[in-house]
Amino acid sequence: MITMKVSGIQVFWMITIMDIGMTLLMTFTSGLQAAKQDAWISMLVAGGIAVLIAVVTTKLVLLHPEQTFIQFTQTIMGRWLGKIVIVIYLVQWYTIIPIVLRQFSDLLRVLLLNTTPGIFIIVPMVLIVIYVTYSGGIDGIGRVSEILGPLIFMMILVVLISNLGNIHWNRLLPFYVDSGTAAIFKGALPSASYLGHAVEFVMISPFLFTPRKGSPYVIWGVIAASFGVLLSMIMVILTLGVNLSSNMWYPFFEMTKKIAIFGFIENLDALAVVIWIASVFIKLSIYMFVASYGTAQLLHVNNWKNMIWFIAPVVTAFAFIPQNVSEATGSYLNHYWVPFVLPINMIGLPLLLLIVGKIQQRKTAG
């Protein structure tokens, strides 16, 4: 019996935070390199794809609203096919945690803590994630998200408004002719893959107080995150220009360094760091819970919290495998997350499960 419970607004903030923080800092460069000054159109396309993922996901969980993904996948696909599908998602959950940890460590070392060994950045974050996941479960994560979510959005808004004095409207021109449809779509894929975290709702939905009423919160969470990403991309182009920003690892962060208010309020890059750390914390906590709870259900382990003590050391060790920031960020994104997770885990398999589940329901009803 499920005892942990979250509200709809908590789900809204969990989805929004998972989507927006890492998309702002990790995917803008790819979009700018592909679509140039039309990268903001790529963000529109990415948001559309993410909303599609959210719609499919929410319709899927409504087939069996009281069951987690581990349960209803086997209900729909059968025991063995269902387990194959589950393993595909476990690979996603187990690999994204060490990559996010490594990206978190690399960013802090590049920007703030140049001489600090990565282990002294990664291990404290893992310990905090373990604490909130073990002690609070998904309801604890939901409560923290409800507090951090509005603060993150407020800080993003402060960064955008503070840069209004640095914009140059001509940097959005020429429109479309330098890129074209193919380049715009290519630029949309990295951001779409990061905005597609609504798919994790398949594991969170049964913990809602009213599981059948969670769809609007998920969809509006994706819309809110997509809108924030769109405005941020437009501001990056207007402030830095495409030639400069496309050659930066973290254009959104670099944009904050240009802020100067009244001649003495400067270097608000600390806000970008706070946005990043808060987003990473929530994202890692959700993934730790999803991986632990999902693995426990698959292996029929009664106390899902016991899985944390296995998963946490494993993902921490894997976080040290990438040799540099390029390998941790670019290789994983371009060789696994975009070509496999986006089309298969976020779109293909949920759509397949939805179609098969609908057919089963019609046969049963008939």
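**Pockets and a salt bridge in a predicted model**

The helices α5 (79–111), α13 (308–318) and α14 each contribute at least two residues to the lining of the second largest pocket. The structure is a predicted model. By class, the lining of the second largest pocket consists of 9 nonpolar, 2 polar and 1 charged residues.

Helix α14 (325–365) also takes part in the lining of the largest pocket, where α2 (28–35) and α7 (181–195) likewise supply at least two residues each. The largest share of that lining, 5 residues, is provided by α14. The space in the largest pocket amounts to about 290 Å³. Seventeen residues is the extent of its lining, and Thr29, Ser30, Gln33, Leu333 and Asn334 are the closest to its centre. The lining of the largest pocket divides into 8 nonpolar, 8 polar and 1 charged residues.

Attention now turns to charged side chains. The structure contains 1 salt bridge. It is formed by Asp106 and Arg102, whose closest N and O atoms are 3.1 Å apart. Because Asp106 and Arg102 are 4 residues apart in helix α5, about one helical turn separates them. Asp106 has a relative accessible area of 6% and is therefore buried, the limit for this class being under 20%. Arg102 is also buried, with a relative accessible area of 10%.

Conventions: Residues numbered from 1 in each chain as written. Predicted model: local features only at pLDDT ≥ 70, side-chain atom pairs only at ≥ 80, totals over all residues. Heavy atoms only, no water. 1 Å grid on protein atoms, 1.4 Å probe; cavity = no way out; pocket = protein on both sides within 12 Å on 5 of 7 lines; lining within 4 Å. Points joined across faces, edges and corners; volume = space filled by probe spheres on them. Nonpolar A, V, L, I, M, F, W, Y, C, P; charged D, E, K, R; others polar. Salt bridge = Lys/Arg side-chain N within 4 Å of Asp/Glu carboxyl O. Buried < 20%, exposed > 50% of the residue type's maximum accessible area, 1.4 Å probe, protein only.
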